[in-house]
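Please load the model in your viewer and keep the selection panel open. The stops below go from one selection to the next, and each says what to look for there.

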Amino acid sequence: MEAAGVAGVEPTRARVLSLLAERWLFAFLALETLYFCFAAEGFANPNSLQILLFYGVEIFLLAMAELFVIVTGGIDLSVGYVLGLASIVGTKLIGALAGAGVPPAAALALGAALTLAVGILPGLVNGWLVAYLDVPPFIATFSMLGVCHGVSELIIEGVYAMGLPPLAAELGSGHLLYYAPGAGMSFLARPEVERGTEVWEIVPNVVVLAAVVIAALWFALSRTRFGRHVYAVGGNRDAALRAGIPVRRRLLAVYALSAGLASLAGLAYALKYVSGKADAGAGSLLDSIAAVMIGGASMFGGSGTVGRTVAGCLVIAVLELGLRMRGTPTFDKYVLVGVILVGAVVIERWLPGKGR
Amino acid sequence: MNEGATTAAELAPGSRGGGFLESRAGRALARNWSAWFLLLLLVTFSFTGRNFLSIGNFQHVVHLQTLPLLLAAAETLVIVTGGIDLSIGFVAGLASVTAAKLMQLLAAAGLPAGAVIALGAAGALVLSLLPGLVNGLVITRFRVPPFIATLGMWGIANGLALKLSEGFPVAGLPGALPRLGNGYVVYLLPGEFLSFLGPPAGFPEGRIREVWRLVPFSLVFVAAVLAALAFVLRRGRFGRHTYAIGGSVDAALRAGIDVRRHLVWIYVLASGLAGLAGVFNVFQTGIGNYTTFSAMYELFAVAAVVIGGASLSGGKGRVLGSAVGVLVLAFLQNGLAISGVQPFYRYIAVGVLLVIAVVIDKLFPDLR
Amino acid sequence: MDDYLLETRDVVKRFGGLTAVDRVSVGVRAGEALAILGDNGAGKSTLIKVISGVHPPDAGEVWLEGRPVAIRTPRDALAAGIETIYQDLALAENLDVGANIFLGRERLKRRLGLKVLDDAAMRAEAAKVLERLDIQIPSLRATIRTLSGGQRQAVAISRSIYWKAKVLIMDEPTAALGVAEQRKVLDLVRTLKDQGLGIILISHQMFDVFAVADRLAVMRRGVKVGERLVKETSPDEVVGLIVGSETVGAERAAVKPMS
């Protein structure tokens, strides 16, 4: 009704504004990328995209974890330390299995599966506290953050967890496709060519992993009954309850999913850096929440999409890589992400159609 | 409220039928459970930990909690209004680094040590009000949720502190700083001397460990700040308005309280207290320290406030309760360490305590 | 006499020491509207929450079509054909009209072996039911947030109708509406009666009650204090029942501050 009124008075302005409301994020992302193409030497290169996706894998996965929780109107402070815990558990388990004589590929698969199973536990506890005991998500997940930190310290023995088989490193830093012009191509492993031959490395493995998971999450949130229920729980919990939606079970699932995704991010970290670390994800709380909010989700729940959250992640990843390539210390990144986060929320409030 | 009675009953499922929970004693116990718990901790650890029960250890613990105590007080103010401030930890770090940098500059300009310290500290304190001002304006003028606004400032203050310090603690400050920050009011060596504010002139540095040093400056400082805040919050009009806003913004608005302005002041005050904590930290350590990610000062401050009896939904909370919350967390760590327990159990204990605090808050929604 | 579509038999609901509903028996027939009246805190809302499964009763039974039914959760009530429209409507404001009508009972289709939301079908069904009730909504893709109070009420009612409600419980259906929209909602109630539903109406508005209800029950402090046929009573008598007819003035003074 209100939108119609505005349109009657000043149709072009309203149309421009509502177009902006839909697209400002993508325009911002384009401008940001363009800026770094000129400002940072070497940034204007298709390889930059691969690099920023490679380094951004954990942020992408953590942001997805946070997205589901934020859509229900909650928050998960524990994702960073669940990541750290999973990086340690994963490293130790896979290392132990490989050390016990299990073939590396099987050790990797089995260890990863076990790590994910263990990694969901903190989420189940979070979900139980939030859904069944009505503990505010902030408190429940902060408690869990501490517990994960404690467990990490208990099992790590030293600063880094080590002992992954060489295959893990090959997979973690490897690419899906290698192409040596004139000499052929190969999947997953570098082709055997003479030293000095140019080999194109196409799409890092961990990025493939993240992309597949994110595609599945997009499907789950936008196309399935589960996703619809997640939106309903965040939009109006009472309505969801009275419509017969099992609100508590859904919340439990969302927090478990969050921890599962954080654990997956921890495994990606372990494969990338061939080690595990308790505070591997300590600094990513801001990034992961910021990506979701920049993507237009509401802190109060009920809104947010996978696509726009990916765009939010890209805003941060481009910034990080651009600043690095420009030689500015990464300290600037924290300041800029903070400013963009607040700016994005202000813009979302100011633009039409987002009254929240 | 239509059928308000049933709604209240629903909110407090445990209040079925009266009984102990509704009795006077039950309520008193619930109101001060964290203080009783602290006492229980102290008694338990006195048995389990060698040297736990000593004035030296207690003074040491409180001395190390200066920064958390001030941050918890800051967080109390914000949480009582129903908001949250995630930036205070990094604002403290920024203030610490700023103070140290200012002192370096002033010292390089050739000022005497006293002026360097005073001006550096004062300058950093004034600057530490700015993050709060920005938080307050963003929250009230642009209606950005406090969580987001202060999370943004979390990044900004952290980035600025790292940039200023270039990622290293800022050293090379006047040597008088740690003496001021780590001094005691009373120095006593039984049979030999009793002196105030410092050992008698000429006392050999090597024998300082034999001297009974009582009442650290940090304790006096923190006690004074907390007492003033507690007074303002419980007895002053400012405090009354703070609780009113936390109870219901609508009611506060209709009562003619300038809610926006008040909230801006709250965030400025919180930021200033964080600044005070950061600057005092320079006095304690003699260097400018940025805050690390894993310190999680802001989250522990929230935890202390919640254990101290506040509710994250606002309208409830006490400065001294939060101080008890900080001490519970601190003695838990200290006592478990002295008793030789794995630090891992401390994290579990903190989690359990927080959940207890929330459950008590739900059972007694009307306790103040 | 036992031709009630839905009835409560000596239902009791206690909260701690407070008995919110005390041995209340009321019933509604098909094609009839029963109004439940009472002052604030009289127990009306608790009674309908018992019927709709939000508060399981501590004693007594709910009977539907001559058989006792166990209603322990909102889901049970919905499955039995008892739909409730609360004062706050219980709509998810962030979702569109179709999604709300199908909330919790989403329609799915199979795509590549996966069960996928069928939003197109849900919107088409929503359009049909809105048309059947002669309700205009600007766009079915619009989220509830952009609709007026009357439109929201209409969406909530459409939802109940779509799910083949036998009994429709309405809590203050006209409370937050303008005069024109109030009339539309009352028309809608008459339409629903004609379609054979049993309607239980809670209202403070005496006008609403006399406009659409056939029978009324009055509650006071958790107890049913009277039941009348609307055509055989008057607003004055009803007010007398609500506040306690013997000592109207004194009771009023004593009851009011409690709310």
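Select chain A: among its contacts between residues at least 6 apart in sequence, 75% join residues at least 24 apart, where two residues are in contact if their C-beta atoms, placed from the backbone, lie within 7 Å. This is a predicted model, in which local features need pLDDT of at least 70 and side-chain atom pairs count only at pLDDT 80 or more, while totals for chains, interfaces and linings use all residues. Residues are numbered from 1 along each chain as its sequence is written, and chains are lettered from A and ligands numbered from 1 in the order in which they are written.

With chain A still selected, colour by secondary structure to find 14 helices and 3 strands; helices (H or I, at least four residues) and strands (E, at least two) are DSSP runs, numbered from the N terminus. The C-alpha trace of chain A spans about 70 × 50 × 35 Å along its principal axes. Its radius of gyration is 22 Å, which agrees with the value near 21 Å that a compact globule of 356 residues would have; the radius is taken over C-alpha atoms, and the globule rule is 2.2 Å times the number of residues to the power 0.38. Of the 356 residues of chain A, 53% count as buried, a residue being buried if 20 or more other C-beta atoms lie within 10 Å of its own, exposed if 12 or fewer, and partly exposed in between, with C-beta atoms placed from the backbone.

Move on to residues 306-326 of chain A, helix α13, where 21 residues reach 30 Å from the first C-alpha to the last, close to the 30 Å expected. Because 15 of the 21 residues of α13(A) are buried, the helix is largely enclosed by the rest of the structure. Just after α13(A), Gly327(A) takes a positive phi of about 85 degrees.

**Chain A and its neighbours**

Show chains A and B together: 37 residues of chain B are in contact with 39 residues of chain A. On the side of chain B that touches chain A, the elements giving two or more residues are α9 (146-165), α15 (297-307) and α17 (344-363) of chain B, and α9(B) gives the most, with 14 residues. That side of chain B divides into 26 nonpolar, 7 polar and 4 charged residues, where Ala, Val, Leu, Ile, Met, Phe, Trp, Tyr, Cys and Pro count as nonpolar, Asp, Glu, Lys and Arg as charged, and the others, Gly among them, as polar.

**Two loops of chain B**

Most residues other than glycine have a negative phi. Select Arg143(B), in the loop between α8 (129-141) and α9 of chain B, and note its positive phi of about 50 degrees; with 14 other C-beta atoms within 10 Å, Arg143(B) is partly exposed. Then select Glu166(B), in the loop between α9 and α10 (176-181) of chain B, where phi is positive at about 55 degrees; Glu166(B) is exposed, with 11 other C-beta atoms within 10 Å.

**A strand in chain C**

Finally, select residues 198-202 of chain C, strand β11, in which 5 of the 5 residues are buried, so the strand is largely enclosed by the rest of the structure. Gly198(C), Ile200(C) and Ile202(C) lie on one side and Ile199(C) and Leu201(C) on the other. Strand β4 (residues 33-38) of chain C runs parallel to β11(C) and is joined to it by 4 bridges, with Ile36(C) as the bridge partner of Ile202(C). Strand β10 (residues 167-171) of chain C also pairs with β11(C) in the parallel sense, over 5 bridges, and here Val167(C) stands opposite Gly198(C); two strands pair if DSSP finds at least two bridges between them.

Conventions: The expected span of a helix is 1.5 Å times one less than its number of residues.
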